[in-house]
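Hi,

Here is the structure I promised to pass on.

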Amino acid sequence: MGKTRLVQALFDDQVGEKALNKSLAFYTDLGDAPLPDPKSFTARLKSLGKRGILIVDNCPPDLHNQLTKLNSNNSLISLITVEYDVREDQPEQTTVFRLEPSSIELLEKVICKKFTHINSVTSRKIAEMSGGNARVAVAIARTIKMGENISHLRDSELFNRLFHQRHDSDSKLLKAAEICSLVYSFNIETEATRNIEMTILAELAGMSVLELYQNVAELKRRDLVQQRSTWRAVLPHAIANRLAQSSLENFPLPLLRDVFEKRANKRLLISFSRRLGYLHHNQTARKVAQEWLSDGGPLEDFRKLDNAAVTMLGNVAPLHPELVLAHMEEILDQDRDSTFFSRHNENFSYFTSLLKSLAYDVEFFDRSVQLLCHFALTEDVNENKNSIRSTLKSLFYIYLSGTHATVDQRLKIISNLIESDSEQKNALGLSLLDAALEAWHFTSINSFDFGAHVRDYGYHPTSNDEIRSWYETFIQYAVSIVLSEKIISTEIKAILCRKFRGIWTRAKVYNALESAVREISAKNPWYGAWYAVKNTIGFDSDKMSKEAVFRLESLATLLGPQNLYDEVMLLTLPDHGSLLNIVEAKDTEEALTKIRDLSQDFGYKISSQEDTLNALLIHLMSTNGRNVFQLGQGLAKGTNDPKKLWATMVEKLSTIEHNKRNYQLLQGFLDYLTSTDNSSTKELLDEAIDHEILSEVFPILQIVIIDIDGIERIKRSLQLGKAPIYLYGNLAYTHTSELNNEDLFCELIRLISSKQNGLAVAIDIFNMKFHQNNNELSPRILTLGQELVLGYDFSQETNSDSYQISEIVKSCFQNKDAADKAKHLAVKLYTAIADNRVFYTNFDYIYKSLVEAHPFVFLDVFIGDHNELDYYIEQIFSGQLMVSPLRSIPHETFIEWCNIKGKAHYPLIASAIEPYMHVADQLQWTPVAIFLINHYSDPSVILEEFMHVFHPNQWEGSLADKMVKRLPLLESLMIHENPVVSQWAKNKEPILKKEIIRVHEWEQSREQNQNERFE
């Protein structure tokens, strides 16, 4: 019947099938202030590697999120949380099940069965008064005596029965309940220095704090108040809201505002606003909200609200939705360039969620969506985090839209955007049209709650006719835009193709789709639609009627290729379904082989059909399509005059906008021509070096053939400097023996590295050439690799080349002869970090490679050559990196270096190392740590440097638990043979244990304060 009972049923063998294992269940109720707290318990369970099902009752959303994060990578622990209010911002791993209010009929049956002395008429009255809350219904039923008929009683009389139950009337108890209901929740701590909430509420009630406390305790005994640690709340809302309305009538409005706005703390004020949000029919509550939103009120200017005020606004918006909208429209009218309607507004997610809630009602939809559009237009199209566009888009789905706006209202918004002169608005309109035509997947990203307003999930078609009408409306609009031949038509056709399968298979809107295809294809060929139809047949024909399949096959015939032009267009169309629609094959590998051969064959054919070729060239060289390279090969194979055809292609290329050009056709052409007419290839490439258009992309043309002449052309191209340097990076992916010529390779790499921004390109080429090379590198190549690394500017803001450099360090700095150059590299790194020009985490791969190649050099530069560690250098050894570079140094090597440096350096060394290691799930001191302890004149100095081990600066879960796990390290020193060491450990043990207790108590207090609240 209730939330907790539902969870119990999951473990009940007599309910349903596949009951959960009772022995795995761990249950706690936050209302009981559990020790340990759920986070600490979960961390402990996780550390033990135990399977368990953790059930946390009365679990607030923040704690749920923390527990979810804690278990995100743990398949052994399952989590079930129970809460009265569920937020919309749940982690991805969360599945939410909501218990909706029971129907009147169901509650009536429950009452009749549970209380056999109550007749059906009385049961109906109780069910109606309870508002669907089973607990309230049962509480009222318990007050009914044998033979008593309450069907004539008013709701207020039934409420009195529920409140007083079988006790005498108590005006003070009622007064206390009314006052406490003014807020959503309150803290019952009675020390004035720690909590003012009970003092404020007691004064309003005309009682002492003790009297109020006692009355709250009585209310809890009557199940009218729930608790979480020191927090209390009058629940359920059916009772609390009624009590709050009575309380509001008993106070002058100025007094209430003075108490909550000037004397109460912010938390209590927010809680008061949350209660008001449930009282949209109450005139006093509406008056408070109106004054808050008026001139001089705390919510008068939405641009200046802090986080607390934004929360208050969200709470009271249900009382005056029109007024809230008017405020936001006024901001837009005053300053259209205001950052308020953008992601620069730090509270943008609150305001966009609020606008979505306001858009629920037909009367507010247009205005709310217009404001949401202003927000959305400032957002990057690919933004995924708290996406405004996704929030806006959700209002245009046929299901779960959260609005009852009409189809015409939604279409008007879409059409205004699509038919605007603004490309940004066009793109936004397209995304909304995409949503309106969705027929497969529907999800909700926001809450549908809005105060106490009765709401559902928005418009939900109740018949096939309504479904058909919805999709026909948007399909017909899309067709009208396509037939108008606006620039945006291509994108609308792409949307229709993407949505075709869902609308046909799921929504079964055959006529409108068929009509759209015939109308659009009658004007111009529609190749994308052919793929859409074929995909639908391939995936879903076995689920359709014979008639539906026949209609699809007729469309496929209509849309299918009629000539060679059509066949090439279908073959090269980007991102439109499986190529298995074009050829018959048993698997993808065979299909790819057939497609490659077919592409070359089509290229061969069109080489001799001048009209077809001219009609296709713009498409082939401006589309990032499929199989274009192979078509280029076919063109070269079929032409009798390659130079003339090349000139034709280049001429067509010149008519295409620079950022839309694609060079795969030219590359394929050169690739085949190289094998049949190498002299012509060389002539074409010679001309391309300083060609007005081709010089800018010369490197990607030359890489089809890298020979001696090709390398010379690359060098000339570099000297001319017309092509962007990054294009030469394509040389990294060529496989040619010519680059094995060390003279040529070294000369080319040095030339590339000498150009602006060329060093990173040279490093990439070098690294790809010699990465994982099992052969010993020659001295010349080693020297080149060292030059590239030492020439690199490590003070750049971004160091995306760190991994590639680390690989070169592995290959080229290993020899003993490279020690001086390794030191030069280490000093460059040290200086850049110590001067705070770069962040130390940029170079973790390089540290590791350098340490493995020359551990003494690294230790000297970063530790041994200094009297104390630089602050920024110290961070390298602080445990912030995923792997400390010092871990790569064998213990024996490290100890050898310590002996060389001398004992004077031992304290500094101790401050840098990680002195413990994991051995079979146990912590032990490392050999280096033991060496330093045993060989320094005063071991306590070394031990003090190791004290940070017992106070970790980063941890997951409980810090106290982490500290407990490190206690064995200290305990092992208590039996050390050196009395100085053992005494030091014995002195530290009680101090550390006391600190652990303090940290544990602090964590417990923090957890209770953060997670055991109602809001």
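**Salt bridges**

Asp-835 and Arg-837 join through their side chains in a salt bridge, at 3.4 Å from N to O. By salt bridge I mean a side-chain nitrogen of Lys or Arg within 4 Å of a carboxyl oxygen of Asp or Glu. Both partners are partly exposed: Asp-835 has 47% relative accessibility and Arg-837 has 40%. For that scale, buried is under 20% relative accessible area, exposed is over 50%, and partly exposed is in between (1.4 Å probe, protein chains only).

Before you read on, this is a predicted model, where local features need pLDDT of at least 70 and side-chain atom pairs count only at pLDDT 80 or more, while totals for chains, interfaces and linings use all residues. Residues are numbered from 1 along each chain as its sequence is written, and side-chain values use heavy atoms, with hydrogens and water left out.

Searching the whole structure turns up 49 salt bridges. One of them links Asp-542 to Lys-543, at 3.8 Å from N to O. Here Asp-542 is exposed, at 65% relative accessible area, and Lys-543 is exposed too, at 57%.

Another one pairs Lys-810 with Glu-807, with 3.4 Å between the closest N and O atoms. These two sit three residues apart in helix H39 (residues 802-812), so about one helical turn separates them. Helices (H or I, at least four residues) and strands (E, at least two) are DSSP runs, numbered from the N terminus. Lys-810 is partly exposed at 36%, whereas Glu-807 is buried at 8%.

There is also a salt-bridge network, which connects Lys-393, Asp-434, Glu-438, Arg-498 and Lys-499.

**The sheet**

Now for the strands. Three of them make an open sheet in the order S1-S2-S3, with parallel pairing; two strands pair if DSSP finds at least two bridges between them. At the edges are S1 (25-29) and S3 (77-81), each pairing on one side only. From one strand to the next, the twist averages 15°.

S2 (residues 52-57) pairs with S3 in the parallel sense over five bridges. Within S3, Ser-78 is the bridge partner of Ile-53.

Helix H3 (residues 61-70) packs on the sheet and touches S2 and S3, its direction making about 170° with that of S3. Helix H2 (residues 38-48) lies across S1, S2 and S3 and runs at about 180° to S2. Contact means heavy atoms within 4.5 Å; axes are lines fitted to C-alpha atoms, for helices over the stretch in contact, and angles run from 0 to 180 degrees between N-to-C directions.

Cheers
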